[in-house]
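Dear colleague,

I am handing over the structure we spoke about, with the sequence alongside it. Please have it open while you read, as the notes below go through what was found in it.

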Amino acid sequence: MSAPPVLAERRRDMVEHQLRRRGIADERVLAAMGRVPRELFVADELRDRAYDDSALPIGFGQTISQPYMVALICEQLALHGGERVLDVGTGSGYQAAVLAKLAEEGYSIERIRGLLERARANLLGLKLSNLRLAHGDGNEGLAKAAPFDSIIVAAAAPLVPEGLLRQLAMGGRMILPLKSPGAGRDAQRLSLIERSSRGYVETELDPVRFVPLETGKA
Ligand code: SAH
(Lines give C-alpha, C1' and ligand atoms only; values in the text may rest on other atoms or scores of the structure.)
Protein backbone atom coordinates (compact mmCIF):
# COMPACT_ATOMS: atom_id res chain seq x y z
CA MET A 1 0.00 0.00 0.00
CA SER A 2 1.51 3.34 -0.94
CA ALA A 3 1.18 6.26 1.46
CA PRO A 4 0.82 9.88 0.31
CA PRO A 5 4.42 11.11 -0.25
CA VAL A 6 4.30 13.62 2.58
CA LEU A 7 3.33 10.91 5.10
CA ALA A 8 5.98 8.52 3.77
CA GLU A 9 8.54 11.28 4.26
CA ARG A 10 7.34 11.98 7.79
CA ARG A 11 7.66 8.28 8.52
CA ARG A 12 11.29 8.30 7.38
CA ASP A 13 11.90 11.37 9.55
CA MET A 14 10.27 9.63 12.52
CA VAL A 15 12.63 6.68 12.14
CA GLU A 16 15.70 8.92 11.96
CA HIS A 17 14.84 11.62 14.49
CA GLN A 18 12.55 10.01 17.05
CA LEU A 19 14.08 6.53 17.00
CA ARG A 20 17.65 6.21 15.70
CA ARG A 21 18.84 9.51 17.15
CA ARG A 22 17.42 8.56 20.56
CA GLY A 23 19.28 5.29 20.66
CA ILE A 24 17.13 2.66 18.95
CA ALA A 25 19.83 0.65 17.16
CA ASP A 26 18.23 -2.65 16.10
CA GLU A 27 18.07 -2.33 12.31
CA ARG A 28 15.21 -4.84 12.06
CA VAL A 29 13.13 -2.70 14.44
CA LEU A 30 13.98 0.49 12.54
CA ALA A 31 13.05 -1.17 9.24
CA ALA A 32 9.74 -2.49 10.63
CA MET A 33 8.82 0.95 11.99
CA GLY A 34 9.68 2.36 8.57
CA ARG A 35 7.31 -0.05 6.86
CA VAL A 36 4.12 0.24 8.93
CA PRO A 37 2.04 3.33 8.03
CA ARG A 38 0.95 4.74 11.41
CA GLU A 39 -1.70 6.90 9.72
CA LEU A 40 -3.77 3.74 9.11
CA PHE A 41 -4.19 3.34 12.88
CA VAL A 42 -5.63 6.75 13.78
CA ALA A 43 -8.91 8.48 12.84
CA ASP A 44 -8.90 10.50 9.59
CA GLU A 45 -8.89 13.81 11.45
CA LEU A 46 -5.63 12.81 13.21
CA ARG A 47 -3.79 11.59 10.09
CA ASP A 48 -1.79 14.79 9.96
CA ARG A 49 -0.48 14.05 13.42
CA ALA A 50 0.24 10.36 12.76
CA TYR A 51 4.02 10.89 13.02
CA ASP A 52 3.95 13.18 16.04
CA ASP A 53 6.30 12.22 18.85
CA SER A 54 3.39 11.29 21.13
CA ALA A 55 0.58 8.94 21.99
CA LEU A 56 -2.75 9.79 20.27
CA PRO A 57 -6.38 9.07 21.21
CA ILE A 58 -8.03 6.09 19.46
CA GLY A 59 -11.46 6.19 21.12
CA PHE A 60 -12.88 4.20 24.07
CA GLY A 61 -10.62 6.25 26.36
CA GLN A 62 -7.49 4.52 24.97
CA THR A 63 -4.39 5.67 23.07
CA ILE A 64 -2.01 4.44 20.37
CA SER A 65 1.45 4.41 21.98
CA GLN A 66 4.19 6.92 21.15
CA PRO A 67 6.37 5.57 18.28
CA TYR A 68 9.52 5.65 20.43
CA MET A 69 7.80 3.48 23.07
CA VAL A 70 6.73 0.92 20.44
CA ALA A 71 10.29 0.76 19.10
CA LEU A 72 11.88 0.57 22.56
CA ILE A 73 9.64 -2.34 23.57
CA CYS A 74 10.33 -4.18 20.31
CA GLU A 75 14.07 -3.66 20.70
CA GLN A 76 14.02 -4.99 24.28
CA LEU A 77 12.44 -8.22 23.04
CA ALA A 78 15.57 -8.89 20.93
CA LEU A 79 13.57 -10.70 18.23
CA HIS A 80 15.38 -12.47 15.38
CA GLY A 81 12.43 -13.54 13.26
CA GLY A 82 11.48 -17.06 14.31
CA GLU A 83 9.47 -16.26 17.42
CA ARG A 84 5.87 -16.57 18.53
CA VAL A 85 4.78 -13.38 20.30
CA LEU A 86 1.76 -12.24 22.29
CA ASP A 87 0.69 -8.59 22.39
CA VAL A 88 -1.74 -7.74 25.21
CA GLY A 89 -3.87 -4.64 24.54
CA THR A 90 -4.35 -4.51 20.75
CA GLY A 91 -5.76 -0.97 20.87
CA SER A 92 -5.36 0.38 17.33
CA GLY A 93 -3.36 -2.67 16.18
CA TYR A 94 -0.23 -0.61 15.45
CA GLN A 95 2.13 -2.34 17.89
CA ALA A 96 0.77 -5.71 16.74
CA ALA A 97 1.53 -4.83 13.10
CA VAL A 98 5.12 -3.88 13.95
CA LEU A 99 5.56 -7.11 15.92
CA ALA A 100 4.19 -9.16 13.03
CA LYS A 101 6.98 -7.72 10.86
CA LEU A 102 9.59 -8.80 13.42
CA ALA A 103 8.42 -12.25 14.51
CA GLU A 104 7.19 -15.41 12.83
CA GLU A 105 3.76 -15.55 14.45
CA GLY A 106 1.92 -12.75 16.24
CA TYR A 107 -1.13 -12.90 18.50
CA SER A 108 -2.81 -9.83 19.91
CA ILE A 109 -5.58 -9.76 22.50
CA GLU A 110 -7.93 -6.89 23.36
CA ARG A 111 -10.70 -6.70 25.98
CA ILE A 112 -12.84 -4.01 24.27
CA ARG A 113 -14.72 -5.60 21.37
CA GLY A 114 -15.34 -2.28 19.56
CA LEU A 115 -11.62 -1.48 19.56
CA LEU A 116 -10.71 -4.97 18.37
CA GLU A 117 -13.09 -4.64 15.42
CA ARG A 118 -11.60 -1.28 14.54
CA ALA A 119 -8.07 -2.73 14.78
CA ARG A 120 -9.10 -5.53 12.45
CA ALA A 121 -10.26 -2.94 9.90
CA ASN A 122 -7.07 -0.88 10.35
CA LEU A 123 -4.93 -3.94 9.67
CA LEU A 124 -6.84 -5.23 6.64
CA GLY A 125 -4.79 -3.50 3.97
CA LEU A 126 -1.47 -4.66 5.41
CA LYS A 127 -2.31 -8.33 4.76
CA LEU A 128 -0.29 -9.64 7.68
CA SER A 129 -1.08 -13.35 7.34
CA ASN A 130 1.01 -14.21 10.43
CA LEU A 131 -1.05 -12.04 12.83
CA ARG A 132 -4.15 -13.26 14.72
CA LEU A 133 -6.42 -11.08 16.87
CA ALA A 134 -8.49 -12.29 19.82
CA HIS A 135 -11.16 -10.76 22.06
CA GLY A 136 -10.50 -11.53 25.72
CA ASP A 137 -8.95 -10.57 29.04
CA GLY A 138 -5.22 -10.41 28.48
CA ASN A 139 -4.55 -11.14 32.17
CA GLU A 140 -5.24 -14.74 31.23
CA GLY A 141 -3.04 -14.67 28.15
CA LEU A 142 -4.05 -16.82 25.21
CA ALA A 143 -3.83 -20.45 26.31
CA LYS A 144 -4.58 -21.94 22.89
CA ALA A 145 -1.46 -20.40 21.33
CA ALA A 146 0.92 -20.59 24.34
CA PRO A 147 3.80 -20.75 25.11
CA PHE A 148 5.17 -17.47 23.75
CA ASP A 149 8.81 -16.54 23.20
CA SER A 150 7.88 -12.93 23.89
CA ILE A 151 4.98 -11.17 25.55
CA ILE A 152 4.32 -7.46 25.65
CA VAL A 153 1.63 -5.67 27.62
CA ALA A 154 0.51 -2.15 26.63
CA ALA A 155 -1.27 -1.38 29.91
CA ALA A 156 0.05 -1.02 33.46
CA ALA A 157 -0.62 -3.46 36.31
CA PRO A 158 0.63 -3.51 39.92
CA LEU A 159 1.90 -7.09 39.46
CA VAL A 160 2.82 -9.31 36.53
CA PRO A 161 -0.33 -11.34 35.70
CA GLU A 162 0.17 -15.00 36.72
CA GLY A 163 -1.37 -16.30 33.51
CA LEU A 164 1.22 -14.44 31.46
CA LEU A 165 4.12 -15.75 33.57
CA ARG A 166 2.92 -19.30 32.94
CA GLN A 167 2.58 -18.75 29.19
CA LEU A 168 6.09 -17.31 28.78
CA ALA A 169 8.37 -19.93 27.19
CA MET A 170 11.62 -21.00 28.85
CA GLY A 171 14.22 -18.48 27.68
CA GLY A 172 11.41 -16.04 26.86
CA ARG A 173 11.17 -12.30 27.49
CA MET A 174 8.20 -10.21 28.60
CA ILE A 175 8.03 -6.41 28.64
CA LEU A 176 5.34 -4.61 30.58
CA PRO A 177 4.73 -1.41 32.53
CA LEU A 178 4.42 -2.06 36.29
CA LYS A 179 3.07 0.39 38.82
CA SER A 180 5.82 1.15 41.32
CA PRO A 181 4.66 0.49 44.87
CA GLY A 182 5.11 3.33 47.32
CA ALA A 183 6.04 5.88 44.67
CA GLY A 184 3.66 8.54 43.31
CA ARG A 185 0.20 7.37 42.40
CA ASP A 186 0.94 7.39 38.69
CA ALA A 187 4.52 6.15 38.77
CA GLN A 188 5.17 3.25 36.42
CA ARG A 189 8.31 1.50 35.22
CA LEU A 190 8.80 -0.47 32.07
CA SER A 191 10.00 -3.89 33.25
CA LEU A 192 11.70 -6.79 31.53
CA ILE A 193 10.92 -10.29 32.83
CA GLU A 194 13.18 -13.11 31.64
CA ARG A 195 12.34 -16.75 32.24
CA SER A 196 15.05 -19.37 32.63
CA SER A 197 15.19 -22.83 34.20
CA ARG A 198 16.12 -21.08 37.46
CA GLY A 199 12.98 -18.94 37.49
CA TYR A 200 12.03 -15.39 36.55
CA VAL A 201 14.34 -12.38 36.69
CA GLU A 202 12.96 -8.84 36.62
CA THR A 203 14.95 -5.83 35.37
CA GLU A 204 13.53 -2.33 35.70
CA LEU A 205 13.85 -0.13 32.61
CA ASP A 206 12.59 3.43 31.98
CA PRO A 207 9.81 5.32 33.80
CA VAL A 208 6.72 5.28 31.56
CA ARG A 209 3.05 6.19 31.48
CA PHE A 210 0.48 3.68 30.17
CA VAL A 211 -3.28 3.26 30.61
CA PRO A 212 -4.28 0.80 33.37
CA LEU A 213 -4.58 -2.93 32.71
CA GLU A 214 -8.24 -3.70 33.37
CA THR A 215 -9.89 -7.01 34.08
CA GLY A 216 -12.65 -8.81 32.19
CA LYS A 217 -14.03 -8.25 28.69
CA ALA A 218 -15.98 -5.23 27.49
N1 SAH B 1 -0.66 -1.38 21.54
C2 SAH B 1 -1.73 -0.45 21.35
C3 SAH B 1 -1.85 0.47 22.55
C4 SAH B 1 -3.21 0.34 23.15
S5 SAH B 1 -3.46 1.11 24.72
C6 SAH B 1 -1.57 0.31 20.05
O7 SAH B 1 -0.52 0.15 19.40
O8 SAH B 1 -2.48 1.04 19.65
C9 SAH B 1 -3.75 -0.30 25.74
C10 SAH B 1 -4.86 -1.23 25.35
O11 SAH B 1 -4.93 -2.23 26.35
C12 SAH B 1 -6.26 -0.60 25.30
O13 SAH B 1 -6.81 -0.83 24.05
C14 SAH B 1 -7.03 -1.35 26.39
O15 SAH B 1 -8.39 -1.55 26.08
C16 SAH B 1 -6.27 -2.66 26.46
N17 SAH B 1 -6.43 -3.42 27.70
C18 SAH B 1 -6.47 -2.97 28.98
N19 SAH B 1 -6.61 -3.99 29.83
C20 SAH B 1 -6.67 -5.14 29.07
C21 SAH B 1 -6.81 -6.52 29.35
N22 SAH B 1 -6.94 -6.98 30.59
N23 SAH B 1 -6.82 -7.40 28.32
C24 SAH B 1 -6.70 -6.97 27.03
N25 SAH B 1 -6.55 -5.68 26.70
C26 SAH B 1 -6.54 -4.77 27.70
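Phe41 has a relative accessibility of 3%, and because buried means under 20%, it counts as buried; please keep in mind, here and throughout, that this is a predicted model. Tyr94, at 1% relative accessibility, counts as buried as well. A search of the whole structure finds two aromatic pairs, and these residues form one of them: the ring centres of Phe41 and Tyr94 are 5.6 Å apart and the planes stand at 65°, so the pair is edge-to-face. Since Phe41 lies in the loop between α2 (27-35) and β1 (56-59), while Tyr94 belongs to helix α4, the pair ties together parts that are 53 residues apart in sequence.

The other pair is made by Tyr107 and Phe148, which is also edge-to-face, with 6.0 Å from centre to centre and 65° between the planes. This pair, too, links distant parts of the chain, for Tyr107 is in strand β4 (residues 105-110) and Phe148 in strand β6 (residues 148-153), 41 residues apart. Tyr107 counts as buried at 16% relative accessibility, and Phe148 is buried with a relative accessible area of 0%.

The charged end of Arg38 sits over the ring of Tyr94, 5.7 Å from its centre, and that of Arg22 sits over the ring of Tyr68, 5.3 Å from its centre.

Both of these tyrosines lead on to helices. Tyr94 is one of the buried residues of α4, which include Gln95, Val98 and Leu102; this helix, covering residues 94-102, is mostly covered, with eight of its nine residues buried. Tyr68 is among the buried residues of α3, as are Met69, Leu72 and Ile73, and here nine of the 11 residues (67-77) are buried, so that helix α3 is likewise mostly covered. Just after α3, Ala78 takes a positive phi of about 50°.

Which residues of the largest nonpolar core touch the most other members? Of its 54 residues, they are Leu19, Met33, Tyr94, Val98 and Leu190. The largest share of this core, eight residues, is supplied by α3. Apart from it lies another core, which has 21 residues, among them Val88, Tyr107, Ala145 and Leu176. As background, nonpolar side chains in soluble globular proteins tend to be buried together.

In the side chain of Glu110, an N or O atom is 2.6 Å from an oxygen atom of the ligand. Gln95, which is buried in α4, places a backbone N or O atom 3.1 Å from an oxygen atom of the ligand, whereas for Arg111 a backbone N or O atom lies 3.4 Å from a nitrogen atom of the ligand.

With best regards

Terms used:
Residues are numbered from 1 along each chain as its sequence is written. This is a predicted model: local features need pLDDT of at least 70, side-chain atom pairs count only at pLDDT 80 or more; totals for chains, interfaces and linings use all residues. Side-chain values use heavy atoms; hydrogens and water are left out. Buried means under 20% relative accessible area, exposed over 50%, partly exposed in between (1.4 Å probe, protein chains only). Helices (H or I, at least four residues) and strands (E, at least two) are DSSP runs, numbered from the N terminus. A nonpolar core is a set of buried Ala, Val, Leu, Ile, Met, Phe, Trp, Tyr and Cys residues joined through side-chain atoms within 4.5 Å. Rings of Phe, Tyr and Trp (its six-membered ring) pair if their centres lie within 6.5 Å; planes under 30 degrees apart count as stacked, over 60 as edge-to-face and the rest as tilted. A charge sits over a ring if NZ of Lys or CZ of Arg is within 6 Å of the ring centre and within 35 degrees of the ring normal. A polar contact is a pair of N or O atoms within 3.5 Å; within protein, one must be able to donate a hydrogen and the other to accept it, and residues adjacent in sequence count only if both atoms are side-chain atoms.
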